[in-house]
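Morning, everyone. Let me put the structure up, and then I'll walk through strands and disulfides.

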Amino acid sequence: MGKRNFYIILSLGVFLTVSLYLYNGIETGAEAIAKRQQYVDELRRKIGSLEQVAEQNGKTIDRLEQQVRQVKVEKSVDFDEDKDKTEEKEKEQEQEQEVAPVPVRGNRGNEGMAHIHQVQKHHKPTPPMTDICNIRENISVAHSDLQMLDLYETWKFENLDGGVWKQGWKIEYDAEKVKALPRLEVIVIPHSHCDPGWIMTFDEYYSRQTRNILNGMAKHLGEKDEMRFIYAEISFFETWWREQSEETRKKVKGYLEAGKLEIVTGGWVMTDEANAHYHSMVTELFEGHEWIQNHLGKNAIPKSHWSIDPFGLSPSLPHLLTSANITNAVLQRVHYSVKRELALKKNLEFYWRQLFGSTGHPDLRSHIMPFYSYDIPHTCGPEPSVCCQFDFRRMPDGGKSCDWGIPPQRITDENVAERAQMIYDQYRKKSQLFKNSVIFQPLGDDFRYDIDFEWNSQYENYKKLFEYMNSKSEWNVHAQFGTLSDYFKKLDTAISESGEKLPTLSGDFFTYADRDDHYWSGYFTSRPFYKQLDRVLQHYLRSAEIAFSLANIEEEGMMESKVFEKLVTARRALSLFQHHDGVTGTAKDHVVLDYGQKMIDALNACEDVLSESLVVLLGIDSTKKMEMDEKRVNENLLPEKLVYKVGQNVVLFNTLSRNRNEPVCIRVDSVDAGIEAEPPVTKQQISPVIEYNEESKKLVAKDGVFELCFLASLGPMESVSLKLVKSTTTSKSEIRTNSKIQVDSSFKSSTVGNGDFIVQNDKVKAEFDGENGMIKKATSLVDDKPIDLNSHFVHYGARKARRKFANGNEDNPAGAYLFLPDGEARELKKEENEWIVIGGDLVRRVFATPMSDLKILQTYTLYQGLPWIDLDNEVDVRSKENFELALRFSTSISSNDEFFTDLNGLQMIKRRRQTKLPTQANFYPMSAGVYIEDDASRMTIHSAQALGVSSLASGQIEIMLDRRLSSDDNRGLQQGVRDNKRTVAHFRIVIEPMSPTSSNKKDERVGFHSHVGHLATWSLHYPVVKMMGETTPKSIASKNLENELNCDLHVVTFRTLASPTTYEANERSTAAEKKAAMVMHRVVPDCRSRLTLPDTSCLTSGIEIEPLKLISSLKSARQTSLTNLYEGQKSEQFILQPNDVSSILVSF
């Protein structure tokens, strides 16, 4: 079309020119003839010129049309634009004045951003949206140059002594040949890694060190023209910003604009990547980015990711980062053998591709630091004893020293030649590990640049080194201070000039080992009490976010600001705990207590937000606060259930975007209690409350308190208030037991022997050991095929540090980070102990106490209509020392050496047991679930907390429950793990008959839950919210969404945006915007499962998301990047690609 229009205009131009010539040619005579000839010659010249221009423009148009087609293809991959939009609709969108540029997904780049590298070509197109079941087969095989699971099969994992680079080899280069190579570009990047809690609490670190670091940044970047600095942790930066004058703030913004200061990643913390759930990863990233956008402006928007301290790396974070338009990354803590193998083939820089990324998901360009650590001795080159001499903080006046006994020297005219040669040699050796002639040296460490001496000494000495090095033409090097963006810009140029393409890589970087057989799989389980508390807060924060946004829309943005302030407080508490020494359980005891108290305060804040919001949604005229149905007295104890009194109201809130028909249970003060509602609740059941008495180590029935369960039918995000009344129609459960427990006489009770017993509902059947009550078999009633489970407890002892390795390294004992067992697990001897079965129409429970010395209480629950078995496991290991407890299932599923674990609750990755590696290397993080399968059956264990998991034999699943260790593992914590508490873990067991598949399962590297599996994990993490409300005359319901979303769509959160914070007298005030981010996740179901959903209505919903139809009072909706740093076009309909996590910005 463009080319045709161009030639029409060209023809018209020629016609007019000729016409003018003919008109002028009316003159006669010789002079006129000569003049006409001159016109003709000139005309011919112009036409010839125009033809050349036309030819060039034609080529340009061809190229532009090709680029437009490519952009359309990429745009359809990223945003799946509606192909049926009318031309009138397109014109309306083009005329919108307020529309910002379309957000860039991943590393596709545009003129407004410095990301010029491109996504690698993908092998397969995305299958049609309607072909849901075949999507899985289409995207379950990773198409990448490097695949981590495959590489693990071929690598030997030898622990060799590499000499000065102990974990590598002797690096050499030809000093003559480097003269002819492209010039070596060296970017030296000053940085300071600030842990928001570890040896000290957040507040202690800030007051003692981080304030000084940021004060130094504000001072020295202004005084030193060539100095640069990067910074990551916005939690600290926000605290510092509160204290600053407008003059200092303006100065810092100037540094950002000038490129002297760069914010990297920009999350609230540098998140852990093993235990953190992706909901919380999104929360902490959004919290940081929103604050940056509100207070630092567009010049501070992060372009690159900086992950130098998390203990192992997950592809889930790159998936979220590319959705937020961060396209480059620097990584550090990767297994030393993996680093060595990648370095041998110069593959330390690569495009990190998702396991499902072959259908168009963006890749994250990544750089792995090649050496042991991110401190200066391990970053300038392969020889730490040399590099340490160039950490000028370690000069005698700096208060630090070198472990190798050779201190740095101040650079002078007398020694600059020698010292420059030393560090140049390190740079040149380091460059041999990369494909392109660009390297960087991180110049920093933990809490560095907290004194003026370091700012001055690093700057002055490196300037002298740079000046000398850059003057040596035979070295062919140019070194300078820079930021991470400076490095990647140089790399872009080098790649463009050399044509040296980077490979693609898929997989993860677990389990991390920093040396020898020291695998960091202990922190997958350390401090499980707080890992569980983290998920409780995640649930209530998400619920409060959704309720507040819905209520604020209802109130047209007029919710009280103090309510929103509490929401911000809760966001920041959850975000802070995602720090890689928080949810990991690797901080000092008093720091863990501080995290715990902050989370308890956040829970109380969420309760207030939920109360205020649900009052608005239900239209209740009340001033009395609602209460959540469970309370925590302090951060040391498990929650206590509140008891509803007859006459009060039970307020329920479904936070899922689909219908829920499931039993809900509360504690009540009367055996005759029941629910009054309209329409009536037909199925209700009352039971005794069974508890574990820690002193007697026996099961007891709680006097005067009962459990009322009733069938609740709730629409998507619906809230209801039901009346608790006296009722004579509530059915009473029956009790079977092998003990002498006394229960209320209202219940029929019978005592039986120790024979095995069966409990079942309409979907699943479970068989239990009659001696101790532990589960033995489970059967799905779809195929009636029993699956042996044979659950039992095992334990590991802790290895002591008593030996040296062949490479000369000293051993360390197990600790908070390291899992170092003293041998294979030993099975704990089974005891004959009491159990109780409570049976009813709606809910059936089994209470078992299999281990008295560990005070174990197991509660199994089968809910009518639901095809799974819930298991709550309470344990107390305080009677043990150097003891690691695990729950093992030895099943009849023929899984061979393969199993699947989740990554951050976002995806399932295939694992393969590596017999060449030790036991601790075969444990992986389980953030939310694990499954094993064969051709006929799958067993999944969904988890409501992060723990370590493995499969050490075919058919086995082994889940770590708690660990108690007296020793420090020499990784900096300087203590063992002995602050154990009575801890609960919540699991959900799903047995699924599977249909045969035609796909090549051998090639699959990623797994997917079934429709039932996705519902199982969402409803486990986000149960129906239950609150205690004031009495109202009748039951009330509030339908907050007009329609339910498709089964494959999940609302990660519905987050009201914050206005810029007002800081006055060191106090903050943050108001809510009339905007909210609807963060959505589209999952892929495994359709081989033969289980069916309890409510299939969501299957009939379209895959489209139409916010203005879901909530009629919304004014507009538009595309946006994940954390709202880039806004796109308005639209009424949005379609996510499979596995996408994306945001929709709505206004009201």
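C380 and C387 are both buried, buried meaning under 20% relative accessible area with a 1.4 Å probe, protein chains only. A disulfide joins these two, S to S 2.0 Å. The cut-off for a disulfide is a pair of cysteine sulfur atoms within 2.5 Å. The torsion about the S-S bond of C380 and C387 is -90°, left-handed.

Some ground rules. This is a predicted model, where local features need pLDDT of at least 70, side-chain atom pairs count only at pLDDT 80 or more, and totals for chains, interfaces and linings use all residues. Residues are numbered from 1 along each chain as its sequence is written, and side-chain values use heavy atoms, with hydrogens and water left out.

How many disulfides does the rule give? Four. Another one is C388 to C402, sulfurs 2.0 Å apart. Its torsion is about -105°, so the C388–C402 link is left-handed. Both cysteines sit in the loop between α12 (384-387) and α13 (416-431), 14 residues apart. Helices here are DSSP runs of H or I, at least four residues, and strands are runs of E, at least two, numbered from the N terminus. C388 has a relative accessible area of 0%, so C388 is buried. C402 is at 10%, and therefore counts as buried too.

Now C665 and C709, with sulfurs 2.1 Å apart. This link is right-handed, at 110° about the S-S bond. C665 lies in β17 (660-668) and C709 in β20 (698-714), so the pair ties together parts 44 residues apart in sequence. C665 and C709 are both buried.

On to the sheets. One is open, with six strands in the order β1-β11-β7-β8-β6-β5 and mixed pairing. β1 (146-147) and β5 (304-307) stand at the edges with a single partner each, so one side of each has no neighbour in the sheet. Pairing requires at least two bridges found by DSSP. β7 (349-353) and β11 (504-506) pair parallel over three bridges. There, Y351 has T504 as its bridge partner.

Next, β23 (734-737). Which of its side chains are buried? β23 runs parallel to β24 (748-751), with four bridges. β23 is antiparallel to β31 (835-839), again with four bridges. R736 stands opposite S750 in β24, and its bridge partner in β31 is V837.

Last, β10 (477-481). V477, A479 and F481 form its covered face, H478 and Q480 the uncovered one. Five bridges join β10 to β2 (184-193), in parallel.

Notes:
Buried < 20%, exposed > 50% of the residue type's maximum accessible area, 1.4 Å probe, protein only.
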